[in-house]
Amino acid sequence: MLEKLNGAINDIFLGGRFESRPLYLVLDNQGRQQLAAALGKSPDDVEEYCCREVGNHLSPTGDPYSAFESALWSWSLNGRKSRPPFTSLLFVLSHAAEQMVSDGEFSSGNYYERLSALVGLPADKLSLHGKTTEQFWQAFNGWLANNDFLYGRPTARAVNKFKYVGIAMSQAIVREADLLRFHKLFEKYGFTDTDDVSESEIEQYISTWIRSSQPTKQLKEAWKKTELRPRICEAAVEELKEWQQDAAGGAREAQTGPRRLSLALNFRHDIFGRSASVYFGRENVSEPIPLNTSEGTAVELSNSTFGAFATLEPRSVINIGNSLLRGLELSVDGKPAFTWGGRAAIPLSRSDQGYWTEVSRVSLGIPQLVLVRGDGRVRRAIEDALAEVAVPGYTVSTSDKLKGLPVGWVLYENVVVKKALAQLSGFEAVLSPVGESASLRFTGGMKLGRGIWHLWVPPEVSLETAKSGVEILAWDGTGPDGDPVCESRSGSTSTSLRLEGCIPDSGNVYLEGKAGKSVVASASILFRSANRPRPLDRQGRGVVAYAGILSTQVNGGNQDCTVRGLVSPRLEPRTLNLDILLRFRSLDQEVGREKQEAETAPAGTSADIESIRGLSVEEVMALPCAVRGLHRLVYAQIPKDASKSDPVDVHCADCGITFVHRRTDKAVRVRRSRQQVPETRQRSDEVAHKPVNVDLCLDGACFLGAGTLASFETFVASQDVDTWRAGRVLRDLAWLGHLDVETTSSHRPRSWSISPPTISFVSDKKAVLTGYRSRSLVAKIEEVVVGVGGRLGREKRREHAEIISVIGLKAADLRATLTDIDDPHGRVIEVVEEAASQLLAFIGKDHDLSTIFRPVTLGSGLPMQRFDVEANKWRNTDELIGAGAYRISGAGTSYVFRSPSGKAHSGPHELVKLAAAREAGLNLHSYDATSETFLSRLGCEPPGLLGRALVSCSGELPTIEAGTSKFKNVGPAIAARVLEILYEGELPK
């Protein structure tokens with residue numbers, strides 16, 4: 001019976017509900033219902049039943065936990081590959097702590113009395129052997145870390161001087177009812193769905209909120225225990241992330257009112273310089289949401305621009321500048337759905353994906369942006385505040401210097417705030433950080449997931465506090481056990497720790513930041529690479545396979561009828577008439593280097609800055625705060641028992657926004673020496689031409705196995721280049737056969753998965769490694785290849801995954817050589833000959849390109865460009881002029897072919913251009929039989945499996961010369977088949 005119970009409890013806690021989130025072994029209502037159903041018990045009785053069953057397996061003589069110790073040892077000897085066999089015991093220990101917390105009596109004796117009543121053994125016996133329980137917690141924490149937080153992040157650490165009781169208490173300090181009450185706190189202080197609040201910051205909010213009537217009695221009692229506050233803060237930070245989700249995305253309690261939108265700002269660097277775009281949107285939106293503005297204009301909230309942040313589109317119908325001041329109200333079927341409140345000063349923090357997202361106020365020690373209304377009074381107040389609290393070095397951009405910035409707004413960059421403002425009086429309140437210390441800050445490196453970093457390029461960890469005597473310590477494992485593996489100390493208020501060279505073999509690191517003797521921040525992080533990949537398709541999701549040139553299937557279809565990487569069904573190639581090559585001996589005209597024309601700035605991005613001159617006092621005060629440029633802040637009454645260091649609420653009597661302020665001695669006069677803020681130096685060329693480390697991206701992808709566009713945006717953004725380049729990296733890796741990409745209906749990447757490891761021949765005795773790779777797998781291949789007289793070739797190219805090839809072996813010999821090698825997922829290495837022929841044979845006789853397009857109805861008034869086929873350029877246009885290719889800035893950027901019949905069809909940009917060229921009787925592609933080179937105009941390359949077939953001929957990406965992409969080593973039959981598909985396949989009519 002215990003085995004069944006343990007399995008049921010493992011299903012609840014280790015069934016995927018807590019992926020990458022802190023895991024607490026106490027039941028919420030959802031878990032209680034599920035466990036009761038699994039065990040056939042009443043939800044009201046299921047916890048008592050579990051405790052009784054576990055108690056039946058505790059020994060009445062000797063160590064009560066001896067049976068569980070035996071299970072732990074056996075599990076460890078078998079490599080800890082299964083789920084822990086003692087989770088039920090840990091659950092019971094946690095439940096006893098939960099009952100103790102409900103009593104509000106936080107003592108060791110009270111805990112063991114509770115545990116005794118639950119399991120039926122004497123309290124003194126349980127207390128005597130309490131030390132035995134530590135090994136179970138340590139093993140459980142280690143198992144969570146070794147499984148890359150797929151089942152949750154470890155949280156079991158002692159919270160008080162009673163070490164073994166304290167570990168169990170760490171699971172039960174904050175109950176589900178408390179977590180739901182935190183939602184009122186988030187709403188009160190105006191948190192956005194993109195706020196990333198540290199534990200130090202949330203402590204200040206809780207400190208003032210805890211005095212209200214909203215927290216539970218148990219939470220108030222727990223807050224009085226100083227040693228318990230870090231765990232309460234940790235739970236509140238995690239619940240904020242839950243609260244930020246949509247109800248369908250896992251929020252504990254659906255919001256009854258409209259949801260808040262957030263602001264995002266993105267920079268783009270290209271040959272035209274740096275530009276900025278401001279978006280309204282929201283994270284965690286999976287499907288497009290049709291909406292209407294208060295004026296009745298139809299818009300859509302969708303992931304058409306970024307993978308992780310859904311934006312309100314089309315931007316051109318939204319007056320960005322005016323909306324920044326007056327706010328937005330959006331509805332679905334006439335019911336309020338989303339809102340954004342106007343702000344005259346908006347701080348933004350850099351997201352993992354590289355763009356900047358709105359936060360309610362700045363955090364200590366983190367470089368941030370502040371978007372500010374250019375009104376003289378507001379700007380002076382902001383610059384006075386910056387002079388008081390910010391580190392020198394911040395700069396400012398105006399709309400006449402930074403293209404895309406709303407007219408009437410200015411952008412302060414590299415704003416690093418070092419302390420709180422002495423007093424709050426208006427919009428500058430957003431520049432006053434709440435926390436007394438920063439969270440542990442990670443800079444550099446490449447992030448693979450929440451709490452997971454790439455082993456090759458670890459980040460630098462830094463900490464800044466208001467107190468001197470700062471240190472950062474790092475341990476091997478999931479807690480502060482034993483001696484630190486590295487540390488950094490400073491007598492000042494900040495310090496940094498470089499982790500290179502001190503990452504343990506386990507890859508599991510626990511960090512603590514201290515100010516004096518107090519722990520002010522902690523984190524459990526992992527370092528991983530493709531040498532230690534995540535399990536494939538763990539929950540039946542994420543595997544992408546091609547069913548056509550661009551069409552894909554995810555977790556479906558017969559693998560014998562789909563393509564993954566360069567592995568395709570073995571089919572007989574078609575017999576071709578090579579005469580088609582005579583039509584494509586050269587491109588129709590000389591093509592110079594293509595220059596993309598600057599995107600048309602969407603209409604309505606200028607701000608209608610409203611003047612208050614000539615208005616009466618009553619008229620001015622009736623305006624929204626952001627428009628009139630003034631808050632009326634009122635300080636809350638300070639409780640008699642509050643100390644001078646306690647935070648206090650400050651709210652605006654007009655708009656209702658509430659701040660938390662840490663008070664200082666008001667008798668101290670603050671001198672502000674405001675100086676001229678220097679303009680931001682442009683570094684467009686530096687960023688635009690910085691290469692992406694594709695090998696690093698590929699290794700990270702091989703670790704994850706599958707992911708979304710957002711994960712690749714994170715990989716690219718970590719290298720300090722523009723997020724939009726993630727799409728090109730994905731395309732190149734898909735062409736090379738390393739991964740397969742699923743696209744949206746608008747032909748943007750949605751998800752991807754790594755292809756199986758494959759060695760594909762490009763000549764008689766040269767074959768290229770594609771798909772999954774890791775350093776350890778490559779080393780194994782090299783060892784056996786060299787052992788039979790071959791060698792491994794390595795070629796590095798700029799912005800190209802390293803070309804790893806096997807040289808000197810025939811296909812049959814290579815297959816025999818690799819027989820005993822498989823990858824970490826147990827897959828053998830496929831050896832493929834004539835990959836291009838097989839891919840093209842897979843496409844089959846029916847090469848109807850029209851199935852790739854979809855009919856669309858074109859709206860009016862959207863910025864639009866028409867493709868000039870002869871010049872290979874996009875040119876601005878105000879109207880649809882006959883048949884051709886059009887680029888429209890609507891819900892993201894759409895590419896549309898308008899056929900001679902006047903019907904419009906959207907498609908990938910390469911095929912839209914092709915359709916326009918075919919209609920004009922021009923060729924975008926050619927073939928040089930002498931050099932066996934397939935040529936394509938830049939930006940018109942054959943998409944999907946067609947591009948993969950061409951690249952597979954050489955194992956290399958095309959070179960770019962004079963506005964032309966050149967695919968090398970392409971035989972006549974391959975070229976003829978690709979041209980036949982492109983130029984004889986059916987197009988939309």
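How many of the 6 residues of strand E31 (residues 758-763) are buried?

Reply: The model is a predicted one, in which local features need pLDDT of at least 70 and side-chain atom pairs count only at pLDDT 80 or more, while totals for chains, interfaces and linings use all residues. Residues are numbered from 1 along each chain as its sequence is written, and side-chain values use heavy atoms, with hydrogens and water left out.

In strand E31, 5 of the 6 residues are buried, so the strand is largely enclosed by the rest of the structure. Buried means under 20% relative accessible area, exposed means over 50%, and partly exposed lies in between (1.4 Å probe, protein chains only). Strands are DSSP runs of E with at least two residues, and helices are runs of H or I with at least four, both numbered from the N terminus.

E31 has pairing partners of both senses. Two strands pair if DSSP finds at least two bridges between them. With strand E32 (residues 766-770), E31 runs antiparallel, joined by 5 bridges. A hairpin through 2 residues links E31 to E32, and within this pair Phe-761 stands opposite Ala-767 of E32. With strand E35 (residues 830-832), E31 pairs in the parallel sense over 3 bridges; here Ile-759 has Val-831 of E35 as its bridge partner.

The wider chain gives the context. It contains 27 helices and 45 strands. The chain has a radius of gyration of 31 Å, close to the 30 Å that the globule rule gives for 989 residues, so it is as compact as a globular protein of that length. That radius is taken over C-alpha atoms, and the rule is 2.2 Å times the number of residues to the power 0.38. The C-alpha trace spans about 90 × 85 × 55 Å along its principal axes. Of the 989 residues, 56% count as buried. Contact means heavy atoms within 4.5 Å; among contacts between residues at least 6 apart in sequence, 67% join residues at least 24 apart.

A nonpolar core is a set of buried Ala, Val, Leu, Ile, Met, Phe, Trp, Tyr and Cys residues joined through side-chain atoms within 4.5 Å. The largest such core holds 104 residues, of which Phe-712, Leu-739, Trp-752, Ile-781, Leu-814, Phe-934 and Val-970 touch the most other members. Apart from this core lies another, of 85 residues, with Leu-2, Leu-27, Leu-35 and Tyr-189 among them. Val-970 touches Tyr-927, Glu-932, Phe-934, Leu-950, Cys-953 and Ala-975, when residues up to four places away in sequence are not counted. In soluble globular proteins, nonpolar side chains tend to be buried together.

Glu-919 lies in helix H25 (residues 909-920) and is partly exposed, with a relative accessible area of 44%. Leaving aside neighbours within four places in sequence, Glu-919 is in contact with Ala-883 and Pro-900. From Phe-715, Glu-919 is 204 residues apart in sequence and 40 Å apart in space, C-alpha to C-alpha.

Elsewhere in the chain, 3 strands form an open sheet in the order E14-E17-E20, with antiparallel pairing. Its edge strands, E14 (441-443) and E20 (494-498), each pair on one side only. E14 and E17 (residues 460-464) pair over 3 bridges in the antiparallel sense, and Thr-443 has Glu-460 in E17 as its bridge partner.
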